[in-house]
Amino acid sequence: MKQREKLQKPDWLRIKLTTDGNYAEIKEMMRGKTLHTVCEEARCPNIYECWSNRTATFMILGDICTRACRFCAVKTGMPTELDTAEPERVAEAAEQMGLQHCVVTSVARDDLKDGGASIFAATIRAIRQRLPFCRVEVLIPDFMGNWDALQVVMDANPDILNHNIETVERLSDRVRAKAKYKRSLELLRRAKEMKPKIPTKSSIMLGVGEEREEILQAMDDLRAVDCNILTLGQYLQPTPKHLPIVRYVHPDEFKSLKEEGKKRGFRHVESGPLVRSSYHAYEQTDSAHAAMAAEEIAIAPDYYDAESSGSCASAK
């Protein structure tokens with residue numbers, strides 16, 4: 001079989017390396033508290049910028065994933081233990097960094113009955129106890145469709161519930177191990193049903209063989225389950241063993257897709273070659289909350305008019 005010719009990285013993907021005092025301090029703190037970050041484990045291209053700005057995405061439930069998605073650099077295998085003290089260490093680190101917005105994700109733990117949902121919930125509570133005004137965003141796996149596990153996370157009231165569909169429906173089975181496109185959409189639908197006021201978020205990586213119409217359809221699918229925030233970024237092959245890059249998407253196309261997302265009603269769309277799910281997460285959340293609040297205010301007068309006039313429409 002003929003090997004695909006490696007594409008040359010374009011100029012717009014050049015990354016400025018900045019390893020200042022903040023970067024070194026955060027790296028030392030993570031090692032000292034035996035914590036993991038998706039920034040390192042997934043080889044995120046924004047690690048230098050984010051760590052220099054004292055932001056990081058914590059990765060809980062260890063650093064060994066029970067799945068082997070073809071795009072992901074995180075180690076795969078069978079985890080041997082569950083660290084119940086991890087939530088408190090994450091909260092300590094968040095407090096030490098003085099975070100206003102904390103993003104928590106995890107490896108997939110299909111070996112656990114609840115997929116690690118209880119540890120997510122404990123981490124949210126631990127952060128809130130130390131940092132009452134810090135917003136907590138969680139990027140969760142699909143829990144293999146265990147909706148009771150999802151309820152455990154939602155009952156802890158994260159400020160943002162994030163679950164990535166990663167790619168378009170046609171490519172989902174090839175790109176994502178065990179995860180199912182429709183199950184991911186169902187998770188986002190149920191999360192919104194459980195807690196309507198908690199914004200939901202998802203991400204699509206481009207450059208793995210998707211067509212434009214498929215991207216637009218994925219946007220429509222996400223809006224159909226009332227997903228509020230969308231991020232679009234360029235897939236970067238972490239090692240030669242991983243899924244090859246089919247194409248590099250030009251910044252102008254990312255700009256165009258951002259406009260398409262806004263037309264479809266996403267409260268915020270972050271779109272660009274180096275965008276990742278938690279990139280500029282604080283700004284994403286601010287934008288989405290402002291849009292949702294404005295929408296509530298716009299609807300409120302009609303609601304109160306109906307209520308004051310004795311209409312039975314308000315008695316549902």
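The structure holds 25 salt bridges, where a salt bridge is a side-chain nitrogen of Lys or Arg within 4 Å of a carboxyl oxygen of Asp or Glu. This is a predicted model, in which local features need pLDDT of at least 70 and side-chain atom pairs count only at pLDDT 80 or more, while totals for chains, interfaces and linings use all residues. Residues are numbered from 1 along each chain as its sequence is written, and side-chain values use heavy atoms, with hydrogens and water left out.

**Salt bridges**

- The side chains of Asp110 and Arg67 meet in a salt bridge with an N to O distance of 2.8 Å, and this pair links parts of the chain that are 43 residues apart.
- Arg67 is buried, with a relative accessible area of 6%, whereas Asp110 is partly exposed at 26%; buried means under 20% relative accessible area, exposed over 50%, and partly exposed in between, using a 1.4 Å probe and protein chains only.
- Asp110 also meets Lys178 in a salt bridge (3.8 Å, N to O), and here the two residues are 68 residues apart, with Lys178 in the loop between helix 7 (169-175) and helix 8.
- Glu169 forms a salt bridge with Lys182, their closest N and O atoms being 3.3 Å apart, and this pair links helix 7 to helix 8.
- Salt bridges that share partners join Arg67, Asp110, Asp142, Lys178 and Arg183 into one network.

**Nonpolar core**

- The largest nonpolar core has 40 residues, of which Phe120, Val138, Ile140 and Leu161 touch the most other members; such a core is a set of buried Ala, Val, Leu, Ile, Met, Phe, Trp, Tyr and Cys residues joined through side-chain atoms within 4.5 Å.
- Helix 5 gives the most to this core, with 7 residues, where helices (H or I, at least four residues) and strands (E, at least two) are DSSP runs numbered from the N terminus.
- Leaving aside neighbours within four places in sequence, Ile140 is in contact (heavy atoms within 4.5 Å) with residues including Phe120, Leu150 and Leu187.

**Helix packing**

- Helix 4 (residues 86-97) and helix 5 (residues 117-130) pack at an angle of about 35°, with their axes 8 Å apart; axes are lines fitted to C-alpha atoms, for helices over the stretch in contact, and angles run from 0 to 180 degrees between N-to-C directions.
- Helix 8 (residues 181-194) and helix 9 (residues 212-224) also pack at about 35°, with their axes 9 Å apart, and Tyr181, Leu185 and Leu188 of helix 8 meet Ala218, Asp221 and Leu222 of helix 9.
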